[in-house]
Amino acid sequence: MAVVMEGAAMAVAIKFPSFRIIRRSSRPSRTFRSFSASASASASASASAPPFANSLGHFTRPDFPILNQEVNGSKLVYLDNAATSQKPTAVLRAIQTYYEAYNSNVHRGIHYLSAKATEEYELARKKIATFINASDSSEIVFTRNATEAINLVAYSWGLQNLKADDEIVLTIAEHHSAIVPWQFVAQKTGAVLKFVSLNQDEVPDIDMLKKLLSTRTKLVVVHHVSNVLASVLPVEDIVIWAHDVGAKVLVDACQSVPHMAVDVQNLDADFLVASSHKMCGPTGVGFLYGKSDILSSMPPFLGGGEMISDVFLDHSTYAEPPSRFEAGTPAIGEAVGLGAAIDYLSAISMQRIHDYEVDLANYLYESLRSVPNVRIYGPVPSENVRRAALCSFNIESIHPTDIATFLDQQHGVAIRSGHHCAQPLHRSLGISASARVSLYLYNTKEDVDYFIHALNDTVNFFNSFK
């Protein structure tokens with residue numbers, strides 16, 4: 001890390017990272033099924049508990065063993081949940097049980113292990129369908145991640161349905177994974193990309209989006225919740241407007257599905273994507289939701305085993321969705337882990353998680369405003385405007401990577417710095433990078449307080465060189 005002064009640069013010695021696990025007492029680890037008992041025990045000790053100690057974050061925190069460690073000599077405070085979430089013990093055990101008890105390939109064997117693996121893999125698909133209220137589990141396609149899910153739609157639906165001068169409407173606040181695949185498609189088909197800019201509140205201009213829609217519009221690609229601005233788009237309205245001109249809608253729900261109840265039938269979106277690792281599940285698996293009639297009309301994305309009906313030397317016929325889009329051996333253990341994550345979140349209830357995070361989001365925003373010379377990006381919260389539980393920010397004259405490095409190495413606070421896979425958005429804001437703090441159900445107001453304390457210390461350190 002370097003501190004840049006007027007006309008000079010000064011090197012700052014920084015500790016190398018070190019890690020130490022804080023060993024608990026003999027208290028057994030919980031799954032969320034013990035929530036009620038844990039709540040009762042916590043309530044009896046509430047008289048001596050610190051402020052906020054009865055929050056959802058305090059109840060769920062013991063379920064996440066990774067949080068119980070020291071980093072660089074300080075207790076870990078993990079605030080990088082928009083990048084990836086931590087995993088509860090129930091998910092870790094589900095994955096371990098798969099590999100220890102019924103590891104086998106799916107759909108292809110008649111023996112017990114294969115039948116058990118197939119049952120659990122397909123059960124995970126059904127859990128996802130129920131979680132987002134899809135009409136049938138066949139509308140859920142397992143993918144490596146949300147990026148692959150978007151590429152699947154781009155190459156299978158996009159190349160088949162788009163032609164020269166057709167228009168794809170996106171916002172400049174989209175994640176790179178929702179922009180780059182459509183650039184590929186546009187280059188191959190001659191389709192045109194139209195981008196919605198930000199309004200004065202630093203959210204995508206919905207009035208502009210509505211005006212861009214026309215009979216030439218064939219697809220609208222929008223995020224549900226911004227991973228930088230913390231803004232929430234009115235997806236239901238956007239879908240109605242898009243369908244009125246005959247366009248399809250793809251929703252990037254990576255930052256909404258983990259944090260609120262998402263109902264794809266109410267949204268009426270044609271496609272929706274999300275990633276397991278942001279919703280307490282393992283990495284390496286995500287999913288695509290697609291309406292049955294649309295999926296049935298789409299050709300395969302990848303060729304190989306599992307996605308076929310019959311193979312001849314000169315041609316092949318293909319399986320029905322979702323198998324048509326799941327070539328080869330899938331991420332079985334990861335899918336089982338995602339199913340366990342959905343069980344965990346559902347046991348709490350997504351409405352409860354959302355309500356808790358709304359309060360946490362407001363607390364974070366108001367607390368961060370108190371830091372000198374801070375610039376927070378995105379809308380100001382109000383009665384009518386709710387932000388997600390994240391803040392991207394900069395502090396005058398201090399590089400965001402210096403902020404993130406100092407917080408980590410001096411205070412054990414994990415945040416993100418950089419462009420967050422949203423370079424066009426950062427350019428629109430007149431910056432190249434920002435720092436981002438993002439919360440989840442296991443975070444607490446004490447985490448926010450400690451972050452603000454550490455951030456003020458960081459600011460004072462760098463300002464001491466001025």
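Contact here means heavy atoms within 4.5 Å. By that rule Ser55 touches Tyr356 and Thr444, leaving aside residues up to four places away in sequence. The model is a predicted one.

Ser55 sits in the loop between helix H1 (35-44) and helix H2 (56-60). Is Ser55 buried or exposed? Its relative accessible area is 13%, and buried means under 20%, so Ser55 is buried.

**The chain as a whole**

The chain has 466 residues, and buried residues make up 54% of them. Its secondary structure comes to 15 helices and 20 strands.

In soluble globular proteins, nonpolar side chains tend to be buried together. The largest nonpolar core in this chain holds 103 residues. Which members touch the most others? They are Leu272, Leu345, Phe393, Ile415, Leu441 and Phe451. Helix H11 (residues 332-348) gives this core its largest share, 10 residues.

A second core is separate and has 26 residues. Among its members are Ile150, Cys254, Phe271 and Leu295. Cys254 has a relative accessible area of 11%, so it counts as buried under the 20% limit. Cys280 is also buried, because its relative accessibility is 0%. The disulfide count for the model is zero.

Two packed helices are described by the angle between their axes and the distance between the axes.

| Helix pair | Angle between axes | Axis distance | Handedness of crossing |
|---|---|---|---|
| H4 (residues 112-132) and H11 | about 40 degrees | 8 Å | left-handed |
| H5 (residues 146-161) and H6 (residues 180-189) | roughly 20 degrees | within 9 Å | right-handed |
| H13 (residues 400-411) and H15 (residues 445-463) | roughly 115 degrees | within 10 Å | right-handed |

Start with H4 and H11. Their angle is about 40 degrees, and the pair is therefore oblique. On the H4 side, the contact residues are Ala117, Glu120, Tyr121, Ala124, Lys127, Ile128 and Phe131. H11 answers with Ile332, Ala335, Val336, Leu338, Gly339, Ile342, Asp343, Leu345 and Ser346.

Next come H5 and H6. Angles under 35 degrees count as roughly parallel, so these two helices, at roughly 20 degrees, are roughly parallel. H5 contributes Ile150, Asn151, Val153, Ala154, Tyr155, Gly158 and Leu159 to the contact. These meet Pro181, Trp182, Phe184, Val185, Lys188 and Thr189 in H6. Ile150 of this pair is also a member of the second core.

**Backbone exceptions**

Most residues other than glycine have a negative phi, and most peptide bonds are trans.

The peptide bond from Pro321 to Pro322 is cis, with omega near 5 degrees. Pro322 lies in the loop between strand S15 (316-318) and H11.

Ala230 is not a glycine, yet its phi is positive, about 65 degrees. This residue is in the loop between strand S10 (217-223) and helix H8 (235-244). Ala230 is buried, because its relative accessibility is 0%.

Ser397 also has a positive phi without being a glycine, at about 70 degrees. Its loop runs between strand S17 (390-395) and H13. Is Ser397 buried or exposed? The cut-off for exposed is over 50%, and Ser397 has 60% relative accessibility, so it counts as exposed.

Conventions
Residues numbered from 1 in each chain as written. Predicted model: local features only at pLDDT ≥ 70, side-chain atom pairs only at ≥ 80, totals over all residues. Heavy atoms only, no water. Core = buried A, V, L, I, M, F, W, Y, C linked by side-chain atoms within 4.5 Å. Buried < 20%, exposed > 50% of the residue type's maximum accessible area, 1.4 Å probe, protein only. Helix = DSSP H or I, 4+ residues; strand = E, 2+ residues; numbered from the N terminus. Disulfide = S-S within 2.5 Å. Axes fitted to C-alpha atoms, helices over the stretch in contact; angles between N-to-C directions. Parallel < 35°, antiparallel > 145°, perpendicular 65-115°, else oblique. Left-handed = near helix turned anticlockwise from the far one by under 90°.
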